[in-house]
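User: I would like to go through the salt bridges and nonpolar cores of this protein. Please keep the answers brisk.

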Amino acid sequence: MGLPWGCGRPSLTGHARGLLTSLVTLHLLRLGSAQLRVEGPGHPVTATVGQDVVLPCHLSPQRDAHSLDVRWIRDRISKTVHHYRNGEDLYGEQMGAYSGRTELVRDGLSAGSLDLRITGLRPSDDGQYVCTVGDADAYAEAIVELEVSATGADPHLSLGGYEAGGIRVLCRSAGWYPLPQLLWRDARGQHLSSVSQTHSQDQEGLFEIEGAVIMTGSMEGPLSCVVRNNHLQQERKFSLHIAAPFFHNAQPWMVALALVPVLFVVSIGLGVYLFRKQVAQSRELAAKKDAKLVEKSAEIDEKAARLDEQAAELETQAAELAWRKFLLPHNTVKVTLDPDTAHPDLVVSQDNSSVRRESKRQRVPDTPERFNYRWCVLGREEFKEGRHCWLVEVEGEELQYSGWAVGVARASVERKGWIYWSPEEGIWAVQYDERQLMSLTSPRTPLSLSPVPTRIWVCLDCTQGQVSFINADNGVEIFTFTAASFNGKSIRPWFWLGTKRIRLCLRDSTPKTISPAQVDSCPSPATPSSHLLDPAGAAQE
């Protein structure tokens with residue numbers, strides 16, 4: 001039977017225990033330095049419309065944040081409120097509503113403070129913000145809740161006339177946020193029920209509320225209207241007193257007065273009826289003439305529509321012919337992957353023709369050429385001029401739930417840290433993620449294709465400055481970037497894998513040999529006999 005420590009077992013010497021303690025402490029310090037944590041205030045931040053507010057956020061433990069990528073976004077859907085990276089404020093992705101109104105408080109960056117100042121608060125600023133921070137090795141975020149409020153003007157009371165044996169009293173107040181509560185109280189402080197209550201919002205998002213109550217002669221003392229902002233626990237109040245004799249004398253003359261507009265309306269209505277009867281007869285004749293004109297106009301519109309359909313069909317055929325000419329053998333190239341640029345989680349095949357993502361990070365050197373934040377890899381080939389096409393195929397399980405992207409990028413594209421994929425950053429690509437195909441424009445352009453293609457031609461035209469993507473199964477154009485700004489820089493194939501259990505494969509992109517004279521007469525790629533867009537050249541049965 002084993003003995004517990006201190007009961008018969010030899011104990012460690014003081015020197016050995018000290019060495020063990022030092023090693024454990026050093027290991028814990030190393031683990032702590034690899035982590036990145038960010039904390040918010042832990043409670044909602046309150047402010048009023050028109051004021052400035054500072055949303056607090058800081059690193060824990062404290063560290064210098066000047067070199068980090070700090071991004072404040074709204075509601076976890078990547079709508080950028082403010083973006084700071086490596087000492088610079090970046091406004092390319094900022095929401096228009098915050099233009100010129102945000103500022104990262106620089107004074108606290110050295111101590112790990114990531115506070116955001118928003119000036120001139122608006123009702124639309126109310127809600128949830130996410131403070132995100134990242135570097136080459138880690139990422140963290142914290143949520144900050146902002147509650148925006150506004151106290152409106154004093155209520156305005158007015159009489160709406162005699163109703164249901166009493167006087168209808170109206171109460172109106174504007175300039176509130178969020179929607180306030182309107183209450184009626186009698187002289188004893190008892191609540192009265194409203195007979196109606198409505199509200200509306202102006203262009204700034206501030207609420208106006210209106211309510212009505214019937215005040216009878218049995219009520220003693222003044223009537224009060226109270227409008228309350230429950231967020232700020234503030235309220236506005238106005239009272240009105242109506243003398244009792246007013247109720248006794250109001251009903252007879254109010255009823256008589258009410259009959260006057262009724263008689264007036266009846267006489268006016270009779271005159272209008274006779275006039276309209278004459279107008280209707282003349283309009284009936286005019287309507288018959290108009291019907292003939294409408295019929296002729298419809299015929300003209302129908303002919304124009306047929307011409308438009310024919311023009312659209314010719315345009316489609318011309319575009320299809322253009323793709324076929326683009327895919328002549330002298331434009332297709334063999335592309336391979338450059339493993340020296342692959343993210344450590346990516347595994348490139350020995351022949352450099354396919355790539356997959358693994359859960360375990362590979363032991364590879366962290367060179368300047370290698371991506372270290374997103375799962376990207378570049379092709380080995382570089383292009384500066386001419387036309388070039390290559391075929392990419394997505395393989396794996398449950399492709400409808402996968403995430404991937406293919407396209408091209410400048411050879412000098414940023415490899416370290418997080419960047420917003422767009423032509424401005426030197427990336428022209430299409431992406432499939434969260435069951436949605438889209439082009440990586442700025443902002444994104446959703447693409448409605450069913451089914452989503454898994455064999456895609458990537459076509460680069462350095463001369464015309466275009467990058468096109470074509471469905472290799474049917475020859476349909478997926479998307480085209482026009483007027484791409486290559487600026488004479490080298491362009492390389494670019495790939496991204498967002499999920500595991502799939503791989504991207506570079507297929508032999510050399511179609512069957514055809515001559516330029518045969519292009520115009522080649523059958524459609526969508527037909528079973530077409531081999532032009534099928535690299536294997538095998539006709540489907």
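User: How many salt bridges does a search of the whole structure find?

Analyst: This is a predicted model, where local features need pLDDT of at least 70, side-chain atom pairs count only at pLDDT 80 or more, and totals for chains, interfaces and linings use all residues. Residues are numbered from 1 along each chain as its sequence is written, and side-chain values use heavy atoms, with hydrogens and water left out. A salt bridge here is a side-chain nitrogen of Lys or Arg within 4 Å of a carboxyl oxygen of Asp or Glu. The search of the whole structure gives 19.

User: Arg106 forms a salt bridge with which residue?

Analyst: Side chains of opposite charge can pair when their charged atoms come close. For Arg106, the closest N and O atoms of the pair are 2.6 Å apart. The partner is Asp89.

User: How many residues apart in sequence are the parts that Arg106 and Asp89 tie together?

Analyst: Strands (E) are DSSP runs of at least two residues, numbered from the N terminus; helices (H or I) need at least four. Arg106 sits in the loop between strand E8 (102-104) and strand E9 (116-118), while Asp89 belongs to strand E7 (residues 88-90). The pair therefore ties together parts separated in sequence by 17 residues.

User: Is Asp366 buried or exposed?

Analyst: Buried means under 20% relative accessible area, exposed over 50%, and partly exposed in between (1.4 Å probe, protein chains only). Asp366 has a relative accessible area of 60%. Its salt-bridge partner Lys416, with closest N and O atoms 2.8 Å apart, counts as partly exposed at 26%. Asp366 itself is exposed.

User: Which residues do salt bridges that share partners join into one network with Arg507?

Analyst: Arg507 and Glu395 meet in a salt bridge at 2.1 Å, N to O. That pair links distant parts of the chain, with Arg507 in strand E32 (residues 502-507) and Glu395 in strand E23 (residues 387-396), 112 residues apart. Through shared partners, Arg507 is joined with Glu393, Glu395 and Arg503.

User: Which residues touch the most other members of the largest nonpolar core?

Analyst: A nonpolar core is a set of buried Ala, Val, Leu, Ile, Met, Phe, Trp, Tyr and Cys residues joined through side-chain atoms within 4.5 Å. The largest has 37 residues, and those touching the most other members are Trp390, Trp404, Val406, Phe469 and Leu504.

User: How many residues are in the other core, which includes Cys57 and Val81?

Analyst: This core lies apart from the largest one. Cys131 and Val133 are also among its members. Its count is 30 residues.
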